[in-house]
Amino acid sequence: MSLTMAGAGSSPALDKSRFLQRLPCAALRIPKQRSHLVASLLSRFLLDMPRVRHIVPDPDDPFMRLLLLAPNITLPGLQGLPEDKKQALANIVPLDVVQHEVVLDYSYWPVEHILKEILPAGCDVPSSFETIGHIAHLNLRDDLLLYKKVIAEVILDKNPKLRTVVNKVGTITNEFRVPEFELLAGDPSLVTEIKQHGATFRLDFGMVYWNSRLEGEHKRLFAQFKPGQIIVDMFAGIGPFAIPAAQHGCVVFANDLNPTSVKYLKLNSQINKVGDRVKAFNMDARDFMRKLVSEEEGIVGQLATPIVIDESIVHDTSNLSTKRSKKSDIGKDGGEHPTGERRDTVEAPSSEQGNDIPSTKKSEEKKGKKVRVSGFVKMNISDIKPWERFDHIVMNLPASALEFLDVLNGLLPKGRWKGIMPRVHCYCFMRSNETNEDIMKKAETYLGSSIVDPNIYVVRDVAPNKIMLCVSFNLPEAVAFAPTPEPAILEETEASSLKRPRTE
């Protein structure tokens with residue numbers, strides 16, 4: 001991924017002075033101690049504007065206040081105020097009426113108002129954007145690119161917690177699902193930290209895939225996992241499914257092809273104190289699945305060197321590195337190994353564990369023992385044999401996950417398998433000219449078998465003509481234990497629809 005700097009071009013400059021407005025209004029000078037009593041009496045006749053107080057200090061007397069009146073109450077004599085209110089007011093304080101001026105400057109107006117004033121008539125004002133920690137992620141249409149710098153400047157001005165604004169450039173075509181970004185304003189560092197459902201995720205947005213709009217889907221899926229279950233995540237990324245599942249008391253075998261994603265997956269496992277419940281792998285998804293069930297101790301049992309966490313960075317996110325990893329350096333930090341990271345035991349998390357700094361103490365439990373902890377079972381992770389059992393398979397690569405269903409055909413070793421058939425959760429895109437039946441036909445073609453009672457869940461609208469689905473089903477025994485089949489071949493029209501590059 002490359003982060004390019006946006007050129008100034010002919011983008012118009014932001015003239016903040018044009019948003020200055022002065023609004024005259026009548027005001028009552030009243031003693032400070034009587035201000036709220038009078039305001040209650042005249043509540044229906046006070047100035048009512050968003051983010052503008054109707055009781056303000058008197059610039060000439062610190063013991064007095066100005067009570068700002070509605071525009072229809074005018075000088076002299078408080079015209080527009082009912083006589084009974086005037087009489088009641090006179091019984092409380094002397095009538096001291098002055099002219100006041102409400103000043104509204106650039107800081108008052110919201111983003112939508114400012115952009116509507118800046119952009120030409122006919123241009124739709126950007127109504128929303130994705131936030132990833134301190135980063136605002138825009139996806140501007142072509143007609144707004146001329147104004148991208150000023151749009152970014154306004155967004156930074158109006159969102160104090162943001163420090164960086166980037167715009168997505170082109171479509172996602174690389175194998176790691178990482179977009180190209182253009183820096184529009186602010187800090188060039190794309191290393192950031194976010195929180196979801198009690199978990200903390202650190203990531204380099206320029207080097208890994210992340211979509212904050214999938215937060216609800218992450219929660220929906222891991223809520224289906226039960227403590228003690230074994231989860232296989234074929235396209236794990238930095239851990240949006242794996243980390244919460246591990247916090248929920250599951251063991252997770254998590255894989256991703258992107259070495260930087262695996263680096264942050266292991267780091268996030270430690271930050272969230274689930275490093276002993278997540279095994280991270282860095283390999284092709286099909287190879288990962290085959291080796292997982294191969295009963296090779298060197299593959300499943302040997303785990304990568306843990307990443308050392310600088311605790312000062314965990315406490316103070318302002319110290320996060322401002323240098324992004326180069327592709328040539330990917331995987332060098334922390335001694336990356338394709339078999340992931342391990343600690344000694346699998347332990348259910350406590351309710352307070354979510355965002356603490358991981359403990360460096362070794363487990364005091366004797367190897368091989370199972371102890372009930374917070375209602376969950378504490379297991380020795382080295383005793384877990386995925387060739388005998390796992391419960392869920394997560395396939396979150398919607399642009400091409402359907403194609404990877406072929407690896408499940410003949411995957412499980414019938415003579416050694418002791419569990420029930422795992423539940424598969426396969427994400428995919430469906431275009432406006434397709435139906436659920438079309439998607440299931442593709443899934444069954446790649447799987448090599450019909451699928452009984454699938455659950456098709458609409459995750460979200462991706463574009464006007466495309467939605468994201470999650471197809472969940474129990475892996476058929478006939479498929480899981482079948483002899484190794486020939487690769488699935490789709491008709492040309494079906495295959496071409498799956499080869500389109502990912503665009504979100």
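Visitor: What makes β20 and β21 a strand pair?

Guide: This is a predicted model. In it, 7 bridges join β20 (residues 455–463) to β21 (residues 466–474). A pair needs at least two bridges. With 7, β20 and β21 count as paired, and they run antiparallel. Tyr 457 is found opposite Cys 470 of β21.

Visitor: How many residues does the hairpin between β20 and β21 pass through?

Guide: The hairpin joins the two strands through 2 residues.

Visitor: What makes β2 and β4 partners?

Guide: They share 5 bridges, and the requirement is at least two. So β2 and β4 (residues 61–68) are paired, in antiparallel fashion. Opposite Ile 30 stands Arg 65 of β4.

Visitor: Which sheet holds β2 and β4, and in what order do its strands come?

Guide: The order is β3-β4-β2-β5, an open sheet of 4 strands with antiparallel pairing. Why are β3 (55–58) and β5 at the edges? Each has a single partner strand, so one side of each lacks a neighbour in the sheet. On average, neighbouring strands here are turned by 45 degrees against each other, direction ignored.

Visitor: How do you know that Arg 22 and Glu 101 form a salt bridge?

Guide: Their side chains meet at 3.3 Å, N to O. The cut-off is 4 Å, so the contact of Arg 22 with Glu 101 qualifies as a salt bridge. It links distant parts of the chain: Arg 22 sits in β2, Glu 101 in β5 (residues 97–104), and 79 residues separate them.

Visitor: Why are Arg 22 and Glu 101 called neither buried nor exposed?

Guide: Arg 22 has a relative accessible area of 49%. Glu 101 has 41%. Buried ends under 20% and exposed starts over 50%. Both values fall in between, so Arg 22 and Glu 101 are partly exposed.

Visitor: How many salt bridges does the whole structure hold, and what makes Arg 220 and Glu 217 one of them?

Guide: The search finds 16. For Arg 220 and Glu 217, the closest N and O atoms are 2.8 Å apart. That is within 4 Å, so the pair counts. Both lie in helix α5 (residues 215–222), 3 residues apart, which means about one helical turn between them. Glu 217 is buried, at 6%.

Visitor: Why is the pair of Phe 390 and Trp 417 called what it is?

Guide: The search finds 9 aromatic pairs. In this pair the ring centres are 5.1 Å apart, and the limit is 6.5 Å. The planes stand at 80 degrees, over 60, so the pair is edge-to-face. Phe 390 lies in the loop between β17 (376–380) and β18 (392–395), Trp 417 in the loop between β18 and β19 (423–431), 27 residues apart. At 0%, Phe 390 counts as buried. Trp 417, at 9%, is buried too.

Visitor: Which rings form a cluster?

Guide: Phe 253, Phe 281 and Phe 288, linked by ring pairs.

Visitor: What makes Asp 233 buried?

Guide: Asp 233 has 1% relative accessibility, and under 20% is called buried, so the label applies. Asp 233 is in strand β12 (residues 230–233). Phe 253 and Phe 288 are among the residues Asp 233 touches, as are Phe 241 and Val 394.

Visitor: Which side chains lie over an aromatic face?

Guide: Arg 51 is over Tyr 108, at 4.5 Å from the ring centre. Arg 286 is over Phe 404, at 4.1 Å.

Visitor: Why is Lys 32 called partly exposed?

Guide: Its relative accessible area is 44%, between 20% and 50%, so Lys 32 is partly exposed. Lys 32 sits in the loop between β2 (21–31) and α1 (35–41). It touches Phe 63, Met 64 and Arg 65.

Note on methods:
Residues are numbered from 1 along each chain as its sequence is written. This is a predicted model: local features need pLDDT of at least 70, side-chain atom pairs count only at pLDDT 80 or more; totals for chains, interfaces and linings use all residues. Side-chain values use heavy atoms; hydrogens and water are left out. Buried means under 20% relative accessible area, exposed over 50%, partly exposed in between (1.4 Å probe, protein chains only). Contact means heavy atoms within 4.5 Å. Rings of Phe, Tyr and Trp (its six-membered ring) pair if their centres lie within 6.5 Å; planes under 30 degrees apart count as stacked, over 60 as edge-to-face and the rest as tilted. A charge sits over a ring if NZ of Lys or CZ of Arg is within 6 Å of the ring centre and within 35 degrees of the ring normal. Axes are lines fitted to C-alpha atoms, for helices over the stretch in contact, and angles run from 0 to 180 degrees between N-to-C directions. Lists of a residue's contacts leave out its neighbours within four places in sequence.
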